[in-house]
Amino acid sequence: MAADDAYARLAGTLERIQCASGHTELTRALSTEDLSYETGIPEPVVVNLLAGGRAEETSVAQRVRQRLDFLRETRRRGDGKRYTLEEIAAAAGVTRQTMSEWRRKGIPGLESADRLRRFFALPPGFFFADEPEALDEALQRHLQAYESRSDPLAGLRTPEILRLAARGLLSPSGVQAMAQWAEAVTRNAPPVAGSGGQGREYGDGPGRQAGDRPARQGRTW
């Protein structure tokens with residue numbers, strides 16, 4: 001995805017979230033800490049992107065190495081300790097020496113990156129997606145939550161229902177019956193959970209533990 005297209009798509013998503021949430025400041029509607037944790041983007045960069053700014057341009061290799069560092073600093077084992085390089089290397093299917101090489105000047109192959117993504121339950125594209133693309137992807141669940149809250153019947157507008165309507169297969173009585181059913185099932189529906197909180201899980205890995213918070217960045221391997 002070209003950079004300008006990625007930024008344009010992100011701007012559109014942010015505008016929809018702002019409209020649906022009713023917040024003039026997106027940092028009130030979204031947790032920049034959680035978004036940083038989920039995407040691997042440093043929190044100050046997330047804040048800047050939410051304000052309509054741009055991330056500093058980096059090469060793919062620089063981006064991957066930054067997110068490898070971020071991964072090791074923010075993910076913890078079940079006992080609360082950091083994963084060792086040996087453990088991360090084993091998850092990637094390589095040696096510790098290869099991990100150190102990636103940190104200095106290389107990048108993992110697609111297979112190794114996918115192994116790490118699955119082990120740590122990371123979103124697709126965690127290592128390679130540029131900042132606006134990664135943030136836009138992470139924001140989609142927040143957008144869905146806010147728009148569902150502002151339009152509780154949005155979930156009924158499925159492609160299947162729309163196709164039936166377009167083909168004229170829904171009679172007036174059928175439409176009325178569906179409307180009555182929709183009113184009945186939404187009358188006492190529980191409120192939609194807030195869009196903050198813990199990040200989405202993407203796989204079978206350890207993911208984020210309750211109470212975890214991103215550790216201070218800037219350490220080296």
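Reply: A residue is called buried when its relative accessible area is under 20%, exposed when it is over 50%, and partly exposed in between, with a 1.4 Å probe and protein chains only. This is a predicted model, in which local features need pLDDT of at least 70 and side-chain atom pairs count only at pLDDT 80 or more, while totals for chains, interfaces and linings use all residues. Residues are numbered from 1 along each chain as its sequence is written, and side-chain values use heavy atoms, with hydrogens and water left out.

The structure holds 13 salt bridges, the term standing for a side-chain nitrogen of Lys or Arg within 4 Å of a carboxyl oxygen of Asp or Glu. One of them joins arginine 104 to glutamate 101, with 2.7 Å between the closest N and O atoms; because these two are three residues apart in helix H7, about one helical turn separates them. Helices here are DSSP runs (H or I, at least four residues), numbered from the N terminus. Arginine 104 is exposed at 56% relative accessible area, whereas glutamate 101 is partly exposed at 29%.

In helix H8 (residues 110-119), arginine 118 and aspartate 114 lie four residues apart, about one turn of the helix, and their side chains meet in a salt bridge of 3.0 Å, N to O. Arginine 118 is exposed, at 51%, and aspartate 114 is partly exposed, at 30%.

Arginine 77 pairs with aspartate 79, the closest N and O atoms being 2.7 Å apart, and a network of salt bridges links Arg77, Asp79 and Glu87.
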